[in-house]
Amino acid sequence: MSDYDYDLFVIGGGSGGVRAARIAATHGARVGIAEEYRYGGTCVIRGCVPKKLFVYASKFSEEFEDAEGFGWSVGERGFSWSKLIAAKDQEITRLEGIYRRNLDRTNVEMHDSRAVIEDAHTVRLLSTGQVITTRYILVAVGASPNVDTSLPGVEHVITSNEAFHLDELPGKIVVAGGGYIAVEFAGIFNGLGVDTTLIYRGEEILRGFDMDLRTTVRQEMEKKGIRVILNDAFSSIEKQADGSFLGKTRNGETLAADRIMFAIGRNPHTRDLGLEKAGVEMDASGAIKVSTDSRTNIESIYAVGDVTNRANLTPVAIREGHAFADTVFGNNPWTVDHSLIATAVFSQPEMGTVGLTQDEALSRTPNLDIYKSSFRPMKHTLSGRDEKMLMKMIVDAETQKVLGVHIVGPDAGELAQILGVTLQMGATKADFDRTIAVHPTAAEELVTMREPTERLRG
Ligand code: FAD
């Protein structure tokens, strides 16, 4: 290995790349890493972390209202967008510092530069032109927001990247997209008092999740004042003399807004990376094709995280990076199981989910017992808020194995984490039934749903 400058060179200092670099270094590898923007990557700098901070900020408006039902008089309220941005930026800078220190502590050499691949064992740093040789290359460059480049006026739209740095909070916004990022941002802006519209070309928001949850989240968002337009999309966008925007839709609507945000998907960040030159295979979307152990078709080049478009979530990228480093440098081969991933959508109300949706379960077995409960969370008996919580459990009628659990309501994401453990262990409905409830909680519903609400047979 000593013929090379490094044993491993990682391109991309985000979730997957940083984990792989640190673990490989602790196994004794000489590791270099290049990051073109900020260490921590999408999740820390302009993804999960600032997004969740914004969600917290946006929820206070309802908290203040709910407090009155419990006897509180909340005085005059005010919100400062610039204070929120400054506090968020300070926290992100602190986290980036931790990422840098952790890499430093494990003796990973950091290069603050864009890196491109020259061949199977060589990378080039664009900031200095330095050419580096390495036994292995790990591509962990993530993905970037996709905008419809053929749309007239697309230059006027912002994406989640810009939403984290707006100079001022818009009075009115239209968010285009129906995935979790679009839905979360619609909730954030609405909670902060922005007149919010969500426009999505599909039949229902949150494609890929259980239909009952998708409908419930959309209806609750509408109750909170978000206008949701389905089966429609922008056909053009124009900038007005006063700086605001007018969007025309395919169905003939005209939508006026101070800002138009696109969250219609993300593309693997593989352009101009030198992958073609090195002979690395990609799919039609530009995602790098990898085997279960994250190896590309080139023996010395691996790829993890969003750039492989397997399950585009931070904990998955981290796992893939860890498995790669243990396998290649730690003499401990293992692979990531992508089949059961618990996840949350920080919509308002929140969504937590693990396992199969009803449609997925039906495509595997025709006999299902569905347990569903929709109820008013205890807090809203006094707050008076008209918001329902939904819990749904999908059970294989023959084996009684729980195939999926889906929740909409407060702390659904927290519940999904621990439900993920039970499903990993192969829990049956009987396991839930014999578990004593925690009272008074919303979660106790999960162990007290006795009779199926639906029995699907054949
Ligand atoms: P990234 O974290 O994107 O890191 C890639 C890094 O590579 C970047 O820092 C980039 O600057 C750098 N880079 C790219 N090209 C080069 C190059 N040529 N040279 C050097 N550096 C380069 N996931 C969750 O699990 N939960 C959430 O709640 C969640 N919320 C999200 C909210 C938003 C708004 C967004 C956009 C994403 C969210 N995600 C969430 C997804 C999550 O951020 C990604 O799945 C995760 O960051 C992927 O990690 P990664 O290592 O593959 O790539």
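A nitrogen atom of the ligand lies 3.0 Å from a polar side-chain atom of Tyr-180, a polar contact being a pair of N or O atoms within 3.5 Å. The structure is a predicted model, in which local features need pLDDT of at least 70, side-chain atom pairs count only at pLDDT 80 or more, and totals for chains, interfaces and linings use all residues. Residues are numbered from 1 along each chain as its sequence is written, and side-chain values use heavy atoms, with hydrogens and water left out.

Backbone atoms also take part: a polar backbone atom of Gly-16 is 2.8 Å from an oxygen atom of the ligand, and a backbone N or O atom of Leu-313 is 3.3 Å from an oxygen atom of the ligand. The protein buries 95% of the 1,000 Å² that the ligand exposes when taken alone (Shrake-Rupley accessible area, 1.4 Å probe).

## The surrounding shell

The ligand is surrounded by 38 residues, the closest being Gly-16, Glu-35, Thr-42, Lys-51 and Asp-306 (a heavy atom within 4 Å). The shell divides into 15 nonpolar, 15 polar and eight charged residues, with Gly counted as polar and Asp, Glu, Lys and Arg as charged. Helix H2 contributes the most, four residues (helices are DSSP runs of H or I, at least four residues).

## Helix H3

The end C-alpha atoms of H3 are 31 Å apart, which agrees with the 30 Å that its 21 residues should span at 1.5 Å a residue (1.5 Å times one less than the number of residues). H3 bends by about 30° at Ser-61, the angle between axes fitted to the seven residues ending there and the seven starting there. Its buried residues include Lys-51, Phe-54 and Asp-66 (under 20% relative accessible area, 1.4 Å probe, protein chains only).

Conventions
A polar contact is a pair of N or O atoms within 3.5 Å; within protein, one must be able to donate a hydrogen and the other to accept it, and residues adjacent in sequence count only if both atoms are side-chain atoms. Helices (H or I, at least four residues) and strands (E, at least two) are DSSP runs, numbered from the N terminus. Buried means under 20% relative accessible area, exposed over 50%, partly exposed in between (1.4 Å probe, protein chains only).
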